[in-house]
Structure formats: structure tokens, C-alpha cells
Amino acid sequence: MGRGQRPISGGLVIILLITSSSPITHSALINGNIFSSTVKTFTDKVGFPDIQTLYNDAQSTSFEVEGVSLVAEISNSLGVKFNGPVSAAKKIKEVVEAEEGNFSPTLLSSQCCQSVGVSYSSKFKTDVALDRSCTQISKDASPNRNYPTKAVEDAMRENARLNPNLKWQYFASEEGYYLSWPSVRQSDCDNYDPRFRPFYVATATPVHKDVVVILDQSGSMAGLYNGVTLMKIAQDAANTVLETLNPNDRVSVVAFESNAAIVGVSERSCLNLELALATPLNQKYLKRKINSLTTGFATNYEAALTKAFDVFESSSNILNEQVILFLTDGKKTAGGDPLTTIAQRNQKLGNRVMIFTYALGNSFDATDKTLLENMAAQTQTNPSYGVIKGGEYKQIIDPSLLRSSMASYYNRFSSNEYRTEPVFSVPYIDLFGLGLITSVCLPVYRGSGDLMGVSCSDVTMADLLSDITYFHEGDLSYAFIIDQYGRTLMHPQLPQLSSVKDDPIFVHIENLERSSGAATVIQEMLKGTTNKTKFNSQRTIPRGSVLYEGIETRSVISTYAWGSVPNSNLSMAIVVGEGDTLARLQHMTPNGDVFNYHRLDWDNSPGTSFCKHFNRYSTKDYSITMLTPGAFKDPINYLNTEETKAIVTVYENFLRGTTTTNPGLKDSVTNSVTLTYQAEQMWKANQEQEQLVLWRYIGTTDGIMRLYPGAQLPKNYDHTRRPWFIRSVALKGKIVFSSPYLDQWSLGYVITVSTTIQEKSTGSSTPVVAVAGTDFRVPYMYQLLLSSYSKCSETTYNCLVVDSSGLVVVHKDFVEFTGEPMIENMHITQKEPTIAEDLLNNQLMIKTSCLDFENIKEQFSYRISLSSSSDRMSSSAGYEIHPVADTNIFVIIKRIPSLSQSSCCTSYGVSPDKRLCGTISCDCLCYKQTFFNYCLDTYPLLSDTAPTCSPQPPDLSTEGLADTDRVKHLGICFDAQCSGRSTKGGCHNVSGCSWCYLDNVNDALSKPFCGTVYTCQHGALATSDPNCSGNSCGDEDGGGSGGIIAGVIIAILIVLAIVIGIVLWRRKQAGASSSSPSQINGVANPAMSTSPAPSNNAQPMSTFASWEPGLSAPPMYPPTYEESTSHQHRNHIFAEDFVEDINGLRVLQNEARRHRFYHLYSAVESRINELEGPPQYIELY
């Protein structure tokens, strides 16, 4: 299921595709159909067919997805959402303009850097004070500033009441201060000037700009001002200029001394040819390069200007305002006449370039100043090539004023036109953790018509676009949304907006929609039209974790319907696959039992009993139901709302049928909750499952998640975004196995098996309505394999299972290992490189790739798709591979030892997106750097370019799920009776037991035993248990002191006497050696058949969970799985339930004590053996 699964960063896609199979020329060692029957029996036991029957029997209605009506419905919904921040910004503007005459020098709110009374808000993801605003004042603010009245703060508070999805609201003044609601503690207050922020500049002067910053790095720039070099002051000023730009602007930086160079070309060659869009990535890069500049020698104005005009000429000719900001601290000492250069080069551009010159310091004479003034005025430029755009010359005597002087260049592009249309910022990452947000701003004017400032309201993109993010209408339909420049804001091939944590790359829609027919659609969307068309397009289908399992593509006849979004600069589209249908359950009447919310911490019902299920605070009285975001009409409002007991009560009342007041749930949710309740009844009735699996669950496509035993889930849990759900939908109709992962909740490595549940039947054309799944531990999977094939236990063969992505599902080394286990995301190229190389060499395994646009990488993966068995036993690799019908897995049997060796992938634990591909064909999961034009912010895609990768699932927030303290004194939910399971196979046959064969320093135990997963983890005594040491575990209940210790010592002496007596008496009574339980090549069969070992084609066992080790037949302790029945093993002595009351002391009342008793018995028996000879081993009762 993936609860508590460790996140693996990175993204590699591996595909193993069997295009041909070698004919089997001799009798196969194993038959894949046997394991297929084993899997079917297992899934029957856990109830997958029964859940499908529930939906087959339910009354439902199917209908086709209709794109045009959905576009109208969703675009109108989006328009209403956008109207919220637009109306808020307008309201602030209206109040500020109305209150202008009442502004005063008195500051009514506290300063943000001294903000008090703040507390954490889940809505704002930081500490805020909702009852007040705060003001931030720039060090360069006007000394004669006037502050707003309280009416402005009141307007902001009222806006928030009317529109709960609003985030920050603020008024930024032309005088250099910033009033924000709610109050939040800011940092770096002195350096923050709202007038130089992108939201302000874009609103005050809504024109796109091409800016070339020219920085003097001559030797004189090493001079100091107040202990800071002039170079550092110039760097800070240049960085501030960059901050005024937005991604619709373009920029370049030139540094000069004796010569000139464009900054940053060493790593981004496109900068040598063109201006770069001022995206967050480019701004960060240029800042880093600017800050690394050092001083040089002479001062060559001509060389610097030549480089600047080179960039303008080589860049595409668009209608941006073009400007050069030229900064120097001294006279020209090298090069030709800069005025001539300006005249000659600017005339080629139609005299479009405006020049600002800045003289830093007071080392300039009259001639120097005149030259810089003439450069700004372009005195030698010929007006016949275009109107000369005169710039501005400034001498900055006080270097501390350089930053504000240079950054205010944009004021030259302002106009006196009174504008009322809102300006939408390009989405950016919020400083306080809200994720990707957009600012909706309006210019605010004085009564005189001059600009007074800017009013803004922020909203998260996740809030605005939740209708697109959580769109689910059919298996092959999806939605996307773009802005007026073609930047994709939401698309199923991009990460969820709520999971974006760093400055994004805005992928152009042409990179995601690459079908030939999509080009026309995109052009029309950019025009803002509404229409529809049909053509053949490609679908990218995720297969689980894209880093390890990759993607696949399908060709689908699709209808594209599109339209513009009211109150915004966006356009959206709905893409509907031909024949895509939706299923809706008909009305079902709920009752009081159908719904128990997953917040067990709020269940105070006296009838509920809680228990410890591994590490979780659980109950087996009922399954829990979680309403994931997709169950709500407004998913983001659900995520942003702090969950309270009162809200949960509203959910309960509605879904139990006690009230008709819908708390914002989709219409289908009541029926899904009611129907899946029948799955809970089946789970509880089938007690065989209790010891077989860890968790049982079902997740529906309309957002319902039901889990048994009941346990709390993370607030942001969305099963439809988890690998187990995605994997199953991609492999519709199959039984799907995950590769093992470390589940922190279950104290071990876990495998998930899942399958789709479809409306009425399991046909390929029927829609998926849910996915059912269950988890079990890795040793159990290996036990199934061994009990299916006797050959797998022979010393000359090993067996393993891999999935269709080449990930190893189970291997002998996953069960028997020493040291740190290497299990999770283990690939066949790592675990069995010889086999992997043979698969590749014989075109049985191929590599494919996909483009990860977010990380600018091409990720590689493998895929196996084998319809019939392939025999490679006669090859040097020596193996057979068999598909397991109706699943995603393959069984491999290999010869030991192999006749050849290979070194494909030699490293483990490196995420695929962190491992650069090498040159060998049999490489690890890896990536190659793909080409990305940072300047244009585009991928130059070719006809053979790989398809787009699917996004990784978002990280789960496990805050509040630490159950350690709550489960300390609880009993376990299901008693696996591990101590009574005396064979390794019997121990591995239940979910809560672990075979202990190592001590806590990985030395072999003299007597392996079956313990709980708390006592024994990964085959070794748990080092986390302070009572475990050496080769045993201490008293779990702890101990006392004084008289208690004396009593324990006496009890031990008495027990020792009893043990000696029992040994001597039993040895006199013992007869011939006891026989062993039914085994297959030394492996306990879960069915405990007493018939001889089956042939290779024997059917697997018929039952799984019902088997218990028979105490009537002395069980066997096979130290390793290789030992066959020809080996004679001594039966061990074990006290099953030895409980004695000696002077009030209960001895051996739990597993640890029984285990200690066993070691005591062994020590006594060994000593007697030395005195009297070998004993006969018997069962001790």
C-alpha cells in the first residue's frame, strides 16, 4: 500500500520487452502455470473476486464522457475561483483610493519584523496573526510617507471572510512600504523594497522588457566604501535589477574591463547568442555568476557596448522595450569611441534600444560625465533609422543609493493611463511554504492621477486549479490548462501543483501535447477560442513509480474540447478517449455502521477496543474510511481546512444517513461508502486472512479509501496518486505485485498485491471503479514460491520472481542475508547481472526512456513482456523464465553456479535520477542529461524524442501519525503465535512472525527460532529492543529490584531443577526418532500434506492461512533452504505454553520468556549430552 514507505528521489524508467522467446527443447524444470494457480488461490483467499462480485451485483449506470459540456462547467467554475482574488484586489484598490486623504504619518500596525501574537495557521503554513496586519518599511522609503487607515486592513479581513481560499493580501506603496494581511514575521526587512519586486513592476509598468546590464569590473572597482568593495555594491544592484523582472522579460549581463564578456556562457552557451527569459532558474543562475565576478584592469566602454548590441541583434525580434543599464566607476581607459558604436549598432535595430548610464562615485571629471550623458542621450545616433529613445544619466555619489537608482529604471516605461484590468503574475514559489502561488494585482492612483502603489491578492495555484488537478472522468480522459503564452500550468504529465516545492520549469504545452493534430488546438487556445476536434493522440500511462517502472504509451482516438477561463488569462482543454465511459452506482441506503472515519484518536465509543497492529494504533472492530481530496467537490478546501471533531461528526452524520446535509462531498460518495462496507464485512468474516496479510484495503476512483484493520492515514493521502493504485490501473484486469519496500508501519519489507475492480465485469472496455489491495511480508512470498516448485529448494538451483519492469519481487537473498539488507528497488541488472545481460543480448530485454521535463533528464528503464516461457538453460547464463498468467510477474529458475559472470550494475541504493548512464548496454537504472534551452525555456524536441515521463507521486505527510506512545500498553490485534511455529516455513507463513537466525550483531544463533517482528527484524534479534542481546531477548515487561530480583533467582533455580528432571525423564521414555512434517525438499508446505514430495507439475497447496504446525509431528528446523530431505535434522525442544506459578511469579508468560526457557533447556541438555551421550530429541509439552 505504501503507507510509511521511504521516499526515493529521482526518476528512471526501465522497460524489459520480450520480442521473441527461445523454444523449450527439453522438459522444463518448472511450469509457470503452477505459480499462477498459487497466486489465484491466494487472491481468492484475500477476497479479490468477492469484491468484484459486489460491484457486479450492484445496480449502476454507465454513460459516455462528454467533453464540451465539461469544458463549459469547469471553465465557469474556474472563473468563479479567479473572481475571488480579482474582487479582493479591486476592493483594496477602491478603499485605498477612497481613504487617500485620511492617510497620516502615524503607523497603525506593527512592523512585520517585530510582528507579535502570531501562531501557526494550517491555511497559511506558517505563524500568522489573523486579527491584524503588519507593515514592512524599506530603508530607501520616502521620509515623508503617509500610512493607510484601518479601513484598508478591515477590507482585507472582509475579503478573507468572503473568500476563504485567499492567502496574502497587501498594498505596496510608491513611497516604499508594504502593508500585509495577515500579520506575519518577515526577515531581511531593511533590504525588502516592494517597488523592486516583480508583482509591483509588472503592475506599475505592464510592458515586457529586454534588459542588458553592463557591469564595470575594472581594477578600481576593488575600492572600498564603508568596508564594502564597489564591486560588491555593483553586484547587489545588478541582482536587484534582475529581481524586478518576470518570466515574460528577457535579460543578459555583460562584464567588462580591458575586454568584455557575456556573463554565464561557460555553462549556458545560449547566453552567447540570445537574451534569456527571466525565469526563476535563469535569475538564480545569473545571480550566482554575477556574485562570482572579480576585478580586472582597464575600462573599455566600446567592448562592453559591442557585446550588448551583439546580444540584441542575435535575439529574436519581438516587441519588448529594450534597454541597456551601463554602470562604471571610472573614465574610459581603453577601446574606441562608445558614441560611434551606439550610433552604428542601434541603427540596425531601428534605434529601439534605450540607454541608462550610472557613474558610481566622484572620480569623474567634466569630460567623463559628458561622455556618459551623451551615451544616454545617444547624441551621435541618426534619427532617420527610428525615433531616438533618450535614456538617463545618473551620478551616484553615495554608493549605498546605487541599488534603488538602478532598479527604478522601469519608471521610464510607465504611463498616465488609468488602468483597471488586473495583472496576473507568472506563478512563483511562496516564501512561507504555500507552494506555487499567483498574485492578482491592480495599480492604485492618487486623485491627481499619479501612481500611488499596487493592491494585490495572492492565491495558490492548487486552490485555483483543483478542478483540473482532480479531474477524473473515465480511464482515458484528462484535462489541462495553459496561460496566454502557452506555459502549461496543469497537465497529468506534470507534478501536482500542491507538491511543487521549488521554482518550476514552465513546460510549453507543445512539449506535452505532441500529436500532429494538437498543434491546431494549441493555436486556437492561445487565441482564446472555444471549439472541439477529434484526432489520434498518444497517451502516457504511468506504471507505478516512474523512476523504477517507467511509462507506456497508447494511441487513442481523442476528442479535444477547449475554451477560455473567465476572469483570467488562461485557457483549458478536456481530452476524451473514444468510448471512455463513467459508471455511477445507483442510490444505496446507508446505515450507522457503514462509515467510521480514520481518526481513531477521536473515537471515544465505549464499545470500541483498540489494539496494536505492528506499530500502529488500530482496531479490528471495524475498517476505517478516509475521505481523500478526490471525494470532495472542492478538494483543496478540504486540504486547507483544519480537521476537527465537529467536522468529522458532520461527515459521519451525512454518510450514516442521519442527515441530508452534504458537507461538500461528491454525489457518488455515499454509494461508494455503503458498497465498500460490504468488503469490511467479508474481511472480518474471513479470519484466515488475519495471519496471512498485514492490511486489506480498497480505494475507489471517487476518493474513498477503506482500510482494515482500522488505522489513521496521513491527511494528504490520496490513493489514486500512490504507485499501487497507478500500477493496477495501468495493468487493468491483472493481479499486480509490487517489488518489496520497507514499510515502517509493519516493521519489515512488504509486497503489495492489487487488482482493479471494474463496473459489472473485468472486460477491457469497462471502467475501473476501484482498486483492491493487500500487503504481506517478503518471506511469505518466498514460501509460496518454494512450496510451488521443489526444484527451487535443490542446492543446484535458485528461483526468483521479477516484475515486468525488471524489479526483483522475491529472491532467496531477500529472506536469508547478513548485514544491511539490499531489497528495496532491487533490479535484475543488479541482482542477477548475468541473466540480465543475456536477456539484453537476445533482445528479450530492451531499454526505453522518457523525458523528465521537471528535472531536465532522460530517464531509462527496462520492460519484460513475455507471453510464453523461454528456456536459456543451455546458455552460459543457465536459466528459464516463465510468465505467470494474468499477472505482471515472471518466475526464473537459474543454475548454480552460472557458467558465466557479468558486471552490469554493480552499485545499489543510488536513485535512478542520481545515477548518470554509462556506456555498457546492461547498465543500472540511470539517466542522461537532455538538452534544454534555458534562454528560451524550451526543449527542442525531435521526431524521435522519447515520450514524457509521468510525475512522481507526492510525498506523504506523516505528521501526527506517530503511534509509539499510544500503543505501548495495548495488546496486539492478531496473535500470530510465533513461538509455536517451529520451522522456518511455518514461521514465514504468517504476517506477524520472523525467523530469527542471527543475533543483534549478525552472528549466527546456535538455535534459530520463530519470533515476532518486534523481537526479530530482517532475520536478526532487534537491536532496538534494549532487552535483546546476544542470542536471546529479555523480559519484555522489565524487572524490579530487591526482593523481586531474589524471587526471580529462586524461581530460576527451581526451573533449572525442573528442566534437568524433565530431560532425564524424557530421555528414559524416548523411543525412535520422530518423523518430520510434510516438506518439499526440506521446506514446510503450508498445506501440511503427508503425501510424498510432488513432481514438478504438482498442483500447489489448496489453503494458506489455515495451516498451523502440527504438534503431533515433531517439526523440523531447516537452517537453510538448500537442505533437502536427505539431511537428518534433530528435532528441537520447545516449551509451547509453559506457565508455572512459583511464589506468585509467572514464568514464561510471554514469548521472550519462552525463548529464554528454550535456551536454558538447550544448555542443560547439552551438558547432559556431554555426560551421557547423544539424546533423542522430542517435543516438550
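Me: Which residues touch the most other members in the largest nonpolar core?
Reply: In this predicted model, the largest nonpolar core has 103 residues. Domain 1 (73-200 + 419-460) and domain 2 (207-391) both give residues to this core, so it lies between them. The residues that touch the most other members are Ile214, Ile324, Leu325, Phe326 and Tyr409.

Me: Leaving aside its neighbours within four places in sequence, which residues is Phe326 in contact with?
Reply: Phe326 is one of the residues that touch the most other members of the largest nonpolar core. Once its neighbours within four places in sequence are set aside, the residues in contact with Phe326 are Ile214, Phe256, Tyr301, Ala304, Leu305, Phe356, Thr357, Tyr358, Leu372 and Met375.

Me: How many of the residues of helix α22 are buried?
Reply: Helix α22 spans residues 778-788 and is largely enclosed by the rest of the structure. Its buried residues include Tyr780, Gln783 and Ser788 as well as Val778 and Leu784. The number of buried residues in α22 is eleven of the eleven.

Me: Which residue in β7 is the bridge partner of Cys134?
Reply: Strands β5 and β7 run antiparallel and are joined by four bridges. Within this pairing, the bridge partner of Cys134 in β7 is Ser180.

Me: Which residue in the turn between β6 and β7 has a positive phi?
Reply: Strands β6 and β7 pair in the antiparallel sense over four bridges, and Gln169 stands opposite Trp181 in β7. The two strands form a hairpin with three residues between them. The turn residue with a positive phi, at about 100 degrees, is Gly176.

Me: How far apart in sequence are the parts that Asp140 and Arg403 tie together?
Reply: Asp140 forms a salt bridge with Arg403, and their closest N and O atoms are 3.8 Å apart. Asp140 lies in the loop between β5 (134-137) and α4 (150-162), whereas Arg403 lies in helix α11 (residues 402-407), so the pair ties together parts whose separation in sequence is 263 residues.

Me: Is Arg446, the salt-bridge partner of Glu175, buried or partly exposed?
Reply: The side chains of Glu175 and Arg446 meet in a salt bridge at 3.5 Å, N to O. This pair links distant parts of the chain, 271 residues apart, with Glu175 in the loop between β6 (169-173) and β7 (177-181) and Arg446 in the loop between β20 (436-445) and β21 (451-460). Glu175 is buried, with a relative accessible area of 13%. Arg446 has a relative accessibility of 26%, a value between the cut-offs of 20% and 50%, and therefore counts as partly exposed.

Me: What is the relative accessible area of Asp838?
Reply: Arg872 forms a salt bridge with Asp838, with 2.8 Å between the closest N and O atoms. Arg872 in strand β41 (residues 870-872) and Asp838 in helix α25 (residues 833-841) are 34 residues apart. Arg872 is buried at a relative accessible area of 15%, and Asp838 is buried at a relative accessible area of 9%.

Terms used: Residues numbered from 1 in each chain as written. Predicted model: local features only at pLDDT ≥ 70, side-chain atom pairs only at ≥ 80, totals over all residues. Heavy atoms only, no water. Salt bridge = Lys/Arg side-chain N within 4 Å of Asp/Glu carboxyl O. Buried < 20%, exposed > 50% of the residue type's maximum accessible area, 1.4 Å probe, protein only. Pairing = 2+ DSSP bridges. Core = buried A, V, L, I, M, F, W, Y, C linked by side-chain atoms within 4.5 Å. Domains from an automatic or database assignment. Contact = heavy atoms within 4.5 Å.
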